[in-house]
Each structure stands twice: as structure tokens, then as C-alpha cells.
Amino acid sequence: MNIAVIGGGAAGFFTAINIKENHPEARVVIYEKSSRLLAKVRISGGGRCNVTNACTSLQDLCAAYPRGARALKKAFRVFDNRAAITWFEKHRVPLVTQPDNCVFPQSQNAETIISCFVSEASRLNIEVVTACGVKALAATPAGLQLRFIGDVRPPAVYDKVVVTTGGSPQRAGLEWLAKAGHEIVAPVPSLFTFNISGDPLTELMGIVVDPVQVSLQGTKFKADGPLLVTHWGVSGPAILRLSALAARWLAGENYQARLQVNWVNERNHEVIATHLASLVEAHPRKMLATIRPWQLPERLWLYLLAKTSLNPDKRWDEIGKTGLNRLVDILARDSYRITGKGQFKDEFVTCGGISLNDIDIRTMQSKIVKNLYFAGEVLDIDGLTGGYNFQAAWTTAFIAARLQ
């Protein structure tokens, strides 16, 4: 049995290795369009490679996927995050779990994952061909015929083909699969930072507030977690989650929107008002600058006071009801104009790809072309930051590798 895996990224190697473990007699070839293998793995997680997330319930795991959760719920029953952890440790990659449930190699180095994949592929005699992208696929009586970009190799026929090309920023990268009959969900970026260029908040770059609540005004999109102020705008897990949840809406708005920030992670405004009133009672003669609610970073607190036109040298018992209301409003509903998106280079992800309507999730086989399978981000599946995108790749690749 001859099998081609199209794409030499994480999903491609995971697929190929599992195919050989399931079908030792098979000849498996990985075709990679670029000259570099596993490039995204190398930079993921800040160079540490966040391989999965250790959340303990299926519900929590599925909740991390803005798109594809329903399909993954079935797939995770076959191969979930716990199975992925077991797989890596079985293949001599010790893992560690952080307090936030992100799982990394014990070495804290993505090269450990790359070394595992490359060495296993070599041990299993998996062929790897670089600088060789596929431009067309056609079903023939002899099998699935592949034609290569630039005709760098003659057309080749395989019994089965697994596509693991990853996310495509442009639809053009998926056109060869559309020509084979597949529905393409238009790809748009997910997991990105927000530009708020020109706003004075950017002068506070480097400040982290954890946790905050962020939302997009006029929508139901919201997220929470740490927020990082940068020289171009805002980043951090809260912003990345919000960008993923609202990826398609933001694309439709040309990345122009209003970001609302609740700096104290408290939705109930009465609770905020009561807390501020308690500060007035406990520290009536203290200056506003010296008593920071919720232990907000000093520079941020001074910035917020300035934004509400409250003098930091004013005493707490001098601000009155009007001043308290202004503070409640700025803490709960601070607002910024998003002027564009930035790229989160370590975790760049696209939403969109091959429609799940065309895939049998039980096997990952195409419903359009027999013996053609899909795995990884080429599918219309994407997750939040925290190891979830790699987990979707491992799960879909493991199922596809069974070649049912």
C-alpha cells in the first residue's frame, strides 16, 4: 500500500508516524511544499511548543474551539488530550503541565518535539520530500494521482492520500482541493493582537493585568484572562481568545471596532461601587494615587485617574459620588478604538478551510473523493491559544492514520 501525506508540519509527521505504526507494510511519503520541515512547531509556544492542554473534562476541551467543536466532540472520544500526553511520553518525550494547564516538553524546547518526529520518521523508513508542493489531485482507476507545483517531479499515483497542509491564509492555497470538489470555508486570520495606534494607553507598554474581561462593543463576543499592553496596542491571552472567538466578525468589519475593557474582572458594577466606597471609608484622608483598587499596576491606576480627570493628589473622601461613579465606569467599561490587527507570530492560526460537511469525522475521509483524508488546520477547525490547535491536529491525524 502506497500512501502520500501532503504537508510536512506537525499534523503531517504525526499522521505519517501513526500510519506506519498501524500499517508497518505501507510505503509512506511526506511531501512538504517548503524547504523547511516543522517550521511552525519550532516557533510555537515561544519556542517551547505547547503540545496540548491538560483540562480534565470533554466539555472544557470542546469549549476551546470557536469552530469545529461539535465534530471534535466525537473525535476526542477516540483520541483526546490525555491520549496525546500518553502518546508523547510513550515516544520518549517527557512532558510537564503548567498551573494554567498548558502542557510542554520537559525540556522546554520545541526541538525536542521536532527531534521526536524526525527520528521516528527515520526509524520507520518514512520518506520525506521537501520543496515539493502539490498542485492537483485526481481520482484515476489506478488510485489518486498527484501533480506537483512546477512539475519538479513526475505525477505520482497513491492508494491513499492524507492532506495535512495546515492553514492557508488565502483561498488560493486551497484551490487545488476545491477543484477536486471540496467546499472551502473562506480562510481568515485567528489569534491576533489588536492595534490601538495613537492611544495614550500604549505608553504603558509592558504592563500586565490579570485577569481582565474584554469584549467588543455591540456584540456578544467576550473573553477574560491576562492582558498585556504593548507599544502598538493590546495582547495577551484575553485578547487572543477574543480575536479567535470574533475572527470572522472582525474580518467583516475590516478590523475596525471598539474594545471594552473591564480592568477588575467584575461584571457587577454594584460590587465595584461597594469596593470603592469601602476604600473611602477605610482610607478617607489618603490620596487617590496611594490606594489602588484591586492592586492595579501603579502606572495603569494613574493613567485611569487622568482619563477620568481625577487629580491623583485628591483625597478619597473628596471625590464625592460623581467621582466614584466615574471610577466605576472607567474600571468596568473602559473603551478603546481598534484600528487594525497585529499578528501573533508564535501561534498564527487561520479559521476556515475544508468544510466539515465534506468530511466523515469517524474516519477523516473525504465524502467527495474516496481514499482521500484530511487532518490538522487545513480543516475548518481552530482553537484558542493554550495547546488546543495542536491537540486538534493530533486528534484528526490519529483518526486519519487508521485509514479506515
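1. At roughly what angle do the axes of helix α1 (residues 10-22) and helix α6 (residues 111-123) cross? The model is a predicted one, and in it the two axes cross at roughly 35 degrees, coming within 10 Å. The crossing of α1 and α6 is left-handed.

2. On the α1 side, the residues that meet α6 are Ala-10, Phe-13, Phe-14, Ile-17 and Glu-21. Their counterparts in α6 are Phe-117, Val-118, Glu-120, Ala-121 and Arg-123. By class, the residues of this contact comprise 7 nonpolar and 3 charged, with no polar ones.

3. Arg-267 sits in the loop between β16 (257-262) and α10 (269-282). Leaving aside residues up to four places away in sequence, Arg-267 touches Gln-213, Lys-222 and Asn-262. Pro-312 is 45 residues from Arg-267 in sequence, and their C-alpha atoms are 25 Å apart in space.

4. The second largest pocket holds about 630 Å³ of space. Its lining is made up of 30 residues, and those nearest the pocket centre are Cys-102, Pro-237, Arg-241, Thr-385 and Gly-386.

5. Which elements each supply at least two residues of the lining of this second largest pocket? They include β5 (102-105), β14 (222-229) and α8 (237-245). Sorted by class, the lining of the second largest pocket has 15 nonpolar, 9 polar and 6 charged residues.

Conventions: Residues are numbered from 1 along each chain as its sequence is written. This is a predicted model: local features need pLDDT of at least 70, side-chain atom pairs count only at pLDDT 80 or more; totals for chains, interfaces and linings use all residues. Side-chain values use heavy atoms; hydrogens and water are left out. Axes are lines fitted to C-alpha atoms, for helices over the stretch in contact, and angles run from 0 to 180 degrees between N-to-C directions. Helices (H or I, at least four residues) and strands (E, at least two) are DSSP runs, numbered from the N terminus. A crossing is left-handed if the near helix is turned anticlockwise from the far one by less than a right angle, and right-handed if clockwise. Contact means heavy atoms within 4.5 Å. Ala, Val, Leu, Ile, Met, Phe, Trp, Tyr, Cys and Pro count as nonpolar, Asp, Glu, Lys and Arg as charged, and the others, Gly among them, as polar. On a 1 Å grid over the protein atoms alone, a cavity is a set of points where a 1.4 Å probe fits but cannot get out, and a pocket is an open set with protein on both sides within 12 Å along at least five of seven lines; lining residues have an atom within 4 Å of a point. Grid points are joined across faces, edges and corners, and a volume is the space filled by probe spheres set on the points.
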